[in-house]
2 protein chains.
Amino acid sequence: MNTTTSLVNHQVRLASRPVGEATRANWQFTTEPVPDAAQLADGEVLVKTLALSLDPAMRGWMNEGKSYIPPVGIGEVMRAGGIGVVVASKHPGFRPGEQVSAGLGVQEYARIGAAEAKRFGLFRIDPRLGTATQWLNVLGMPGMTGYFGLLDVGAPSAGETVVVSGAAGAVGQTVGQLAKIKGCRVVGIAGGPAKCEWVVHELGFDACIDYKAGPVRDGLKQHAPGGVDIYFDNVGGEILDAVLARINRKARIVICGAISQYNNTTPVQGPKNYLSLLVNRARMEGMVVFDYADRYPIAVAELAGYLKDGRMKSKEDVVEGGVAAFPETLARLFSGQNFGKLVLQVAHA
Amino acid sequence: MNTTTSLVNHQVRLASRPVGEATRANWQFTTEPVPDAAQLADGEVLVKTLALSLDPAMRGWMNEGKSYIPPVGIGEVMRAGGIGVVVASKHPGFRPGEQVSAGLGVQEYARIGAAEAKRFGLFRIDPRLGTATQWLNVLGMPGMTGYFGLLDVGAPSAGETVVVSGAAGAVGQTVGQLAKIKGCRVVGIAGGPAKCEWVVHELGFDACIDYKAGPVRDGLKQHAPGGVDIYFDNVGGEILDAVLARINRKARIVICGAISQYNNTTPVQGPKNYLSLLVNRARMEGMVVFDYADRYPIAVAELAGYLKDGRMKSKEDVVEGGVAAFPETLARLFSGQNFGKLVLQVAHA
């Protein structure tokens with residue numbers, strides 16, 4: 001497959017570590033020739049990027065210092081998960097034309113060897129189960145995060161009240177819809193009346209609290225009058241404190257993220273109401289989706305079933321524009337502009 | 001048994017709710033005649049107080065507002081657990097001369113009916129298993145708290161590193177000694193070199209960090225170089241944050257109390273490092289000892305065995321002086337002056 005010869009790979013690299021919000025100045029735009037199939041080493045796969053996942057966690061990867069995975073180095077292609085199509089392969093398990101989910105990075109072509117595959121994954125996807133963008137959403141990392149965070153860490157029982165922040169986001173939509181399927185009352189928290197309306201009418205949540213319209217505490221009193229059994233937290237900050245004040249005995253708080261704190265230039269705001277855990281014999285537990293990798297197939301099978309029978313929707317906010325649009329598209333996450341999973345479309349299959 | 005006739009019951013009542021630290025002005029000293037045996041209603045027991053337990057939780061009971069139990073009302077006898085001797089009984093299960101553990105309150109005599117017994121407990125104790133003050137310590141609420149908090153919530157495995165704050169206090173001493181018995185490495189945190197020395201040499205902890213001598217973080221690096229698997233938190237505040245920065249994967253943080261925050265006039269300091277729970281897939285869980293009441297006998301039997309065979313010590317700091325000394329004795333808890341479980345001796349058996 002020599003058609004890739006002389007093609008150019010546009011890339012977005014981390015130029016400097018942001019203080020507060022990332023701006024265009026933190027990025028460097030580079031080009032490289034796309035390697036010829038003959039240039040691939042044994043075991044390598046060349047993947048053409050179709051769609052990239054834009055995630056709140058990206059902001060953390062831009063910081064110096066140890067987290068659950070190492071930071072992106074200065075000058076490195078920005079880390080990103082994506083869906084692509086194999087254009088050349090010296091790996092016996094992958095053939096040209098197959099679609100894969102992998103750590104492609106913010107670039108048009110990714111050359112993935114054994115080390116990259118091990119580190120960030122390289123999985124063949126089944127396009128019959130969902131579109132490329134759905135494979136970045138309910139069938140992808142956000143879906144896996146919601147599935148294992150809710151079911152394994154939250155451990156819901158039918159009849160319980162589940163509250164989820166970032167309800168219109170990627171993880172939030174899976175959590176809320178899945179909790180409904182499991183028989184729970186589900187209250188979302190999102191920003192603005194349009195999102196809240198969408199969460200209730202499109203996604204089928206029982207209620208949604210607009211955190212921009214008034215105190216979340218009041219919304220919880222109204223929409224979760226019996227208290228909160230499970231809180232799936234994607235945002236941290238004041239909203240976490242408001243929910244802590246309304247938890248029930250033996251409540252479970254799943255700490256999945258804290259988007260409100262990721263652009264902080266001051267220390268993270270700790271939950272002032274954490275002693276509610278004591279009073280209510282409740283627990284707060286962190287989760288990282290990679291720990292459940294060996295069970296992804298089980299989750300994908302279950303979630304794909306719900307997509308097929310219509311019990312679950314996979315909603316993406318797809319931005320066209322290729323890798324050049326990455327900086328501004330990422331910023332939309334932090335200003336809360338996205339409706340559903342934010343995806344950057346880089347090419348079409 | 002008419003010997004109680006014309007005796008006087010000295011009592012300490014809550015006069016006003018403190019702002020910050022409680023002072024003598026928050027208390028009212030009253031007297032009442034001790035009832036005659038004939039005055040007892042069916043099912044009532046009259047108990048002469050021998051020793052009262054002084055606990056950090058008392059500060060919380062003095063505040064307005066809902067907690068795990070209702071606050072002490074203004075004008076009510078201050079709530080306190082204690083050991084006493086039955087002096088008169090119209091309850092078929094208790095006879096004069098028997099020692100009991102009960103919610104006696106800060107007073108010399110307590111009249112306990114079915115409602116009080118149900119609310120705050122009324123248990124016969126076996127003086128052969130321990131002294132009255134030991135029944136307020138390792139064999140009492142602090143011991144039960146340490147036992148179930150460590151074993152049920154912390155779930156230690158041999159070889160793990162357990163850190164406990166308030167190490168020289170009542171709960172801390174049980175937690176640390178029990179964790180040693182279970183095969184863990186145990187690091188205490190306490191205030192001042194004398195307490196730390198005592199925790200290591202008297203109680204047998206592997207190490208003790210003096211939080212007054214320098215950053216707890218540095219002490220953890222030195223004494224828990226492999227990280228922290230279980231943190232049993234009695235203090236909250238900065239120390240909780242320092243430990244959060246050093247936890248291992250799948251660590252368990254038992255939230256038992258937060259004595260550093262109880263006299264706050266500002267909001268509770270939330271743990272800024274709570275996102276370490278996410279990175280480390282760790283959990284933070286609150287516990288209230290009363291939930292384990294049906295298993296107290298099992299815990300008492302196990303702990304009494306350790307006291308008997310010398311594997312565990314029960315260390316009390318006993319203040320003589322009767323109920324009149326209550327305000328100043330309670331203040332010692334919050335200034336960290338006590339070595340071991342703080343007990344107010346009211347009378348001798």
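The legends below describe a predicted model.

**View 1. A:T49 in strand β3 of chain A.** A:T49 sits in strand β3, which spans residues 45-53 of chain A. A residue counts as buried if 20 or more other C-beta atoms lie within 10 Å of its own. A:T49 has 26 C-beta neighbours inside 10 Å, and therefore counts as buried. Neighbours within four places in sequence are left aside in the contacts that follow. A:T31 makes a reference point for the view: A:T49 and A:T31 are 18 residues apart in sequence, and their C-alpha atoms are 15 Å apart in space.

**View 2. Domain 1 and domain 2 of chain A.** The domain assignment gives chain A a domain 1 made of 8-137 + 315-345 and a domain 2 made of 141-290. Their C-alpha centres lie 28 Å apart. Domain 1 brings 18 residues to the contact, and domain 2 brings 17 residues. On the domain 1 side, helix α1 (residues 57-61) of chain A gives the most, with three residues. By class, this side of domain 1 has six nonpolar, eight polar and four charged residues.

**View 3. Helices α4 and α5 of chain B.** Helix α4 covers residues 141-154 of chain B, and helix α5 covers residues 170-181 of chain B. The two pack at an angle of about 45°, with their axes 8 Å apart. α4(B) and α5(B) are therefore oblique to each other. Their crossing is right-handed. From α4(B), the contact takes B:P142, B:G143, B:T145, B:G146, B:Y147, B:G149 and B:L150. From α5(B) come B:A170, B:V171, B:T174, B:V175, B:L178 and B:A179. By class, the contact of α4(B) with α5(B) has eight nonpolar and five polar residues, and no charged residues.

**View 4. Chain B against chain A.** In this interface, 25 residues of chain B are in contact with 25 residues of chain A. On the chain B side, the elements giving two or more residues are α9 (276-279) and β13 (283-286) of chain B. The largest share of that side comes from β13(B), with four residues. By class, the side of chain B that touches chain A has 15 nonpolar, five polar and five charged residues.

Methods. Residues numbered from 1 in each chain as written. Chains lettered and ligands numbered in written order. Predicted model: local features only at pLDDT ≥ 70, side-chain atom pairs only at ≥ 80, totals over all residues. Axes fitted to C-alpha atoms, helices over the stretch in contact; angles between N-to-C directions. Parallel < 35°, antiparallel > 145°, perpendicular 65-115°, else oblique. Left-handed = near helix turned anticlockwise from the far one by under 90°. Contact = placed C-beta atoms within 7 Å. Nonpolar A, V, L, I, M, F, W, Y, C, P; charged D, E, K, R; others polar. Buried ≥ 20, exposed ≤ 12 C-beta atoms within 10 Å, placed from the backbone. Domains from an automatic or database assignment.
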